[in-house]
Amino acid sequence: MNDTFKILPILPLRGLVLYPKMILHFDVSREISKAALARAMKNGREIFVVCPKDIKINQPAVDDLHKIGVIAQVKQVMKLPNSELERVVVEGVCRGMLGSFAVGGKCITAQITPIEEMRVTGFSHEYEQAVVRQGKELFEEYAQTVKKISSNVIMDIISAEKAEELADCIAINAPFSWQKHQELLEIINPVKRLERLLIILKEETELNLLERKIQDKVQEGIDENQREYYLREQLKAISDELGEGEQLQNELEEYLSKIKEIGFAPETEDKLVKEAQKLAKMSSSSQDAYVVRNYLDTVLSLPWHTYSKDNLNIKKARKVLDRDHYGIDKVKDRILELIAVRQIKPDISGQIICLVGPPGVGKTSVARSLAEAMGRKYVRISLGGVHDEAEIRGHRRTYIGAMQGKIISAIKTAGTSNPLMLFDEIDKLGSDYKGDPSSAMLEVLDSEQNDTFMDNYIDIPYDLSKVFFITTANDASRIPEPLYDRMEIIELASYTGEEKFHIAKKHLYKKELKRHGLSAKQVHISDDALKLLIEKYTSEAGVRELERCIGKLMRKAAAEIVENKKSRVSFTARNLKAYLGTPKYKSEKLLPADTVGIVNGLAWTSVGGKLLRVEVNVLEGSGKVEFTGSLGDVMKESCAAAVSYIRSIADQYDMDKAFYKNADIHIHFPAGATPKDGPSAGIAIATAVLSALTASPVRRDIAMTGEISLKGRVLPIGGLREKAMGAYLAGVSKVIIPEDNIPDLDEVDDIVKAHVEFVSVSSLDEVFHQAFADVPEKREQPTVILEQKAEKRAEIRQ
């Protein structure tokens with residue numbers, strides 16, 4: 001202790017203890033403290049900072065103060081604006097002892113004796129180091145329980161090597177009570193101070209751990225309902241602060257108003273009201289709120305009880321259909337019949353039409369025209385490639401990103417509950433592990449069930465019974481049987497060349513002019529050019545490729561007008577090649593002469609009917625029969641049946657009876673890269689085999705179609721209308737058909753029947769009689785031979 005003393009003003013700090021080398025910030029308001037600071041600022045800025053024994057005393061005397069304090073340097077005194085407080089910054093210099101002499105005045109002054117930091121005495125260096133190490137370890141444990149001490153402070157404490165440095169550094173940064181801080185301040189010996197600090201650290205660590213344990217128990221003891229109530233109240237308070245509370249309430253009222261206005265069934269209304277109330281309790285920015293809000297918006301945006309008024313004027317409907325489509329009179333008549341029935345009985349249900357035909361014949365446009373004629377909204381759903389049932393019925397809301405199915409989406413788009421809904425390409429529905437969409441379509445297209453159609457997403461029955469459903473397909477055989485049974489099939493056949501010409505002239509030409517911004521004065525396409533386009537540049541049942549060709553001509557014309565400043569561009573049969581290049585297709589032509597072993601068969605394809613030539617060669621060999629031309633199993637069986645039948649009648653014609661032993665027969669169908677199958681070429685194969693074996697030429701202007709039996713009977717076939725059209729386009733003058741197909745001639749176009757003769761047959765003998773230029777002569781069988789054969793058959797029966 002230093003014997004010299006200083007007369008210094010005293011600054012009593014209640015509840016705060018200052019250490020040497022410690023910087024302390026605090027505010028003062030008492031006059032005694034302000035006077036002490038003012039005196040210190042005049043006399044070298046030194047002041048004695050000490051803690052009162054009782055912090056409740058407002059104006060402490062010298063006897064009310066602890067004897068040990070800290071002599072400090074006043075660094076800054078700043079008066080706060082609009083306040084009587086003064087903010088003070090002091091730095092501790094050294095410990096000091098309050099003397100016995102004091103002088104009165106506005107502030108307390110006293111004799112202060114500085115206490116220098118004493119060296120460690122009475123303890124060995126090893127003991128000091130052990131205490132220092134123990135102090136560091138205990139402080140680390142203490143710091144883990146407090147979590148208010150910065151990493152920089154921890155590093156300073158870890159790097160301290162002397163007892164006095166470590167003791168004061170820990171004391172300065174540890175949040176002990178002021179009494180414990182005062183106790184540490186009064187211990188002058190650094191090692192003893194550190195020993196006391198170790199005890200305090202241990203006590204504080206255990207106390208903090210016990211407090212945490214008690215807090216955890218208390219937290220676990222809180223009732224879950226009380227906790228939820230507390231959190232909800234907090235959430236409500238936060239929402240009110242953010243202005244969301246009123247917004248959620250307004251949103252709830254708006255949803256309830258819409259639900260009431262629509263007029264749902266009681267159980268449906270209760271369900272939607274519960275969803276709206278659930279939404280009001282959620283945070284507007286939560287994911288669950290987004291899901292519920294999206295659900296309610298979807299349900300309430302549907303056109304519940306909203307219907308468009310039907311316009312059932314048959315004259316107007318016929319005018320619209322004739323304006324948009326050339327030909328297809330039978331299809332138009334069936335549609336007009338449907339409208340007439342609806343005019344008599346508006347509430348009729350179950351009228352589901354399926355338009356079947358090759359691509360490009362106008363199936364989709366017919367549905368669009370019907371919607372316009374009836375005054376209904378038109379929506380189209382493409383089913384091609386759909387293989388997930390959820391695309392029809394929708395996804396359940398439990399899935400992320402769930403949404404309604406195509407049916408409900410189309411209803412929402414239409415804005416009415418009775419649109420004309422077109423299911424395009426229903427024959428191309430798929431199925432896999434995700435479900436079978438065709439099964440979901442059963443409910444949609446069944447008039448007994450679709451008044452309560454249930455979409456998985458909206459999960460509320462929706463009435464589809466007023467929707468007018470039309471479906472389209474290219475191949476009716478690929479439509480699932482249960483679906484096929486629910487629809488009325490209307491077939492649209494491929495267009496004739498004449499029909500394509502009129503469609504191109506009356507519709508496609510004008511459509512492409514408008515599309516390209518041109519006028520009839522600027523672009524002209526002659527009739528010969530249109531016919532050449534149809535015959536040489538397109539090969540299709542419909543008119544899509546023809547439309548593209550006309551569009552290409554329009555682009556060529558536009559380039560001529562813009563680039564070469566032409567006022568008019570004309571396309572004729574002569575200059576068409578210069579714009580479109582070499583023709584892509586060659587029209588099917590008849591053979592130049594009647595030929596042995598070649599017969600004109602007929603085939604049905606997706607682009608219409610075509611000639612299917614059968615070629616047969618008979619070669620020296622060992623009785624092999626070979627079939628080529630990418631034939632399917634059914635067609636190979638027809639070839640085998642034809643050869644077997646010819647073999648059974650070999651003795652009736654002038655041919656080698658043992659041809660099945662001495663000759664090889666090769667049956668070939670040209671266009672080998674194109675797969676072929678079906679039984680309808682049977683009579684053509686048999687005729688070609690007989691022609692080759694007897695060297696008898698077959699008439700080149702005849703075509704034939706029909707299935708055969710092993711006994712030579714001619715059986716009915718399908719696709720007669722398309723096959724007849726193919727024969728007509730190829731220039732055939734006579735077509736041989738099965739007798740059972742005579743009723744199908746009513747479906748054949750009049751222009752075909754006017755130019756082609758149809759001959760019905762029931763046996764191959766009749767076919768041979770019509771087909772050969774010179775019918776092969778039958779051998780006259782002697783009576784003796786016939787009697788011997790009869791006796792043999794009788795013996796076999798016995």
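View 1. Rings of Phe, Tyr and Trp (its six-membered ring) count as a pair if their centres lie within 6.5 Å. In this predicted model, Phe139, Tyr142 and Phe176 come together as one aromatic cluster.

**View 2. An edge-to-face pair.** With that pairing rule, the count reaches nine aromatic pairs. One of them joins phenylalanine 571 to tyrosine 579 in an edge-to-face arrangement, with 4.8 Å centre to centre and 80° between the planes. Are these two partners buried or exposed? Phenylalanine 571 has 0% relative accessibility and therefore counts as buried. Tyrosine 579, at 17% relative accessibility, counts as buried too.

**View 3. Charged side chains over rings.** Here we meet arginine 397, which lies over the face of tyrosine 295, 3.7 Å from the ring centre. Lysine 531 sits over the face of phenylalanine 501, at 5.3 Å from the ring centre.

**View 4. A seven-stranded open sheet.** Follow the strands in the order β19-β20-β18-β17-β22-β25-β26, and you will find an open sheet with mixed pairing. β19 (625–628) and β26 (757–761) stand at the edges with a single partner strand each, so one side of each has no neighbour in the sheet. From one strand to the next, the twist averages 30°.

**View 5. Where β25 meets β26.** Strand β25 (residues 734–738) and β26 run parallel and are joined by five bridges. Across from isoleucine 737 you will see serine 760 in β26.

**View 6. A helix across the sheet.** Helix α22 (residues 633–648) lies across β18 (608–620), β19 and β20 (663–668). Relative to β19, helix α22 runs at about 145°.

Key. Residues are numbered from 1 along each chain as its sequence is written. This is a predicted model: local features need pLDDT of at least 70, side-chain atom pairs count only at pLDDT 80 or more; totals for chains, interfaces and linings use all residues. Side-chain values use heavy atoms; hydrogens and water are left out. Rings of Phe, Tyr and Trp (its six-membered ring) pair if their centres lie within 6.5 Å; planes under 30 degrees apart count as stacked, over 60 as edge-to-face and the rest as tilted. Buried means under 20% relative accessible area, exposed over 50%, partly exposed in between (1.4 Å probe, protein chains only). A charge sits over a ring if NZ of Lys or CZ of Arg is within 6 Å of the ring centre and within 35 degrees of the ring normal. Two strands pair if DSSP finds at least two bridges between them. Helices (H or I, at least four residues) and strands (E, at least two) are DSSP runs, numbered from the N terminus. Axes are lines fitted to C-alpha atoms, for helices over the stretch in contact, and angles run from 0 to 180 degrees between N-to-C directions. Contact means heavy atoms within 4.5 Å.
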